[in-house]
Amino acid sequence: MFPLLRRLFALAGTTLLPATVLATALPATALAGAEAAGERVPVVELRVPGPDLRAAVVEHCVGFPAVVTAEGELGGGTCRRPAGTSVPRLTGEGRVLLAVDRPGWTWQATYRSTRSAEPGCRTTRPAVAVAEGIYRLRPPRQAGSYQVTLVGTGPQESLRARFDWSYGTGRC
């Protein structure tokens, strides 16, 4: 990778900061698209009976496409953690739909019990796509109180979001 950076510096004719090298090395359209997608954190809504809630986004990452040359490959990305979003709390056994304002994503939910450390009280389940940008979250197998972490992956982006969910009376 260092020979590639040295060559890029030589082509520019000066010593540049690495961020400038990355901006120079990436095609302008790819960089503009990644920046535009990265300017706004995706909205992750929880659609439940009653008013919709927003999951607390804890990390949003944008990846820049790799540029491949004879000397090697140059790519990168950036992650940020949005400031102080409160974690919503759901109560009840009704269905939970996840709505995201970005097309082409896949989602999974990790459920970790807040009451028990038993292995049966911790699970990860994929979300089921029901329409473009709408996913059904399957509840954990055991009723209880859970901290839910959503992990979404989309074209050149990824995201982690959280909410708490209590339903039924169970050991978890």
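Colleague: How many aromatic pairs does the structure hold?

Modeller: This is a predicted model, and five aromatic pairs are found in the structure. One of them joins Tyr111 and Trp165.

Colleague: What makes Tyr111 and Trp165 an aromatic pair, and why is the pair called tilted?

Modeller: The ring centres are 6.2 Å apart, and rings pair if their centres lie within 6.5 Å. The planes stand at 50°; under 30 degrees would count as stacked and over 60 as edge-to-face, so the remaining label, tilted, applies.

Colleague: Which parts of the chain does this pair tie together?

Modeller: Tyr111 belongs to strand E7 (residues 106–113) and Trp165 to strand E12 (residues 157–167), so the contact links parts that are 54 residues apart in sequence.

Colleague: How do you know whether Tyr111 and Trp165 are buried or exposed?

Modeller: Buried means under 20% relative accessible area. Tyr111 has 0% and Trp165 has 3%, so both are buried.

Colleague: What makes the pair of Phe163 and Trp165 tilted?

Modeller: Their centres are 6.3 Å apart, and their planes are at 40°, so this pair is tilted. Phe163 is buried, with a relative accessible area of 0%.

Colleague: Which residues do the ring pairs link into a cluster?

Modeller: The cluster consists of Tyr111, Tyr146, Phe163, Trp165 and Tyr167.

Colleague: Let us turn to the sheet. What is the order of the strands in the open sheet of five strands?

Modeller: The order is E2-E1-E6-E10-E9, with antiparallel pairing.

Colleague: Why are E2 and E9 said to stand at the edges?

Modeller: Strand E2 (53–54) and strand E9 (128–131) each have a single partner strand, so one side of each has no neighbour in the sheet.

Colleague: How do you know that E1 and E6 pair?

Modeller: Pairing requires at least two bridges, and four bridges join strand E1 (residues 44–47) to strand E6 (residues 96–100) in the antiparallel sense. Val44 stands opposite Val100, and Arg47 stands opposite Leu97.

Colleague: What joins E6 to E10?

Modeller: Four bridges connect E6 with strand E10 (residues 134–137), and the two run antiparallel. The bridge partner of Val96 in E10 is Leu137.

Colleague: Why is E6 called mostly covered?

Modeller: Five of its five residues are buried. Val96, Leu98 and Val100 point one way, whereas Leu97 and Ala99 point the other way.

How values were computed:
Residues are numbered from 1 along each chain as its sequence is written. This is a predicted model: local features need pLDDT of at least 70, side-chain atom pairs count only at pLDDT 80 or more; totals for chains, interfaces and linings use all residues. Side-chain values use heavy atoms; hydrogens and water are left out. Buried means under 20% relative accessible area, exposed over 50%, partly exposed in between (1.4 Å probe, protein chains only). Rings of Phe, Tyr and Trp (its six-membered ring) pair if their centres lie within 6.5 Å; planes under 30 degrees apart count as stacked, over 60 as edge-to-face and the rest as tilted.
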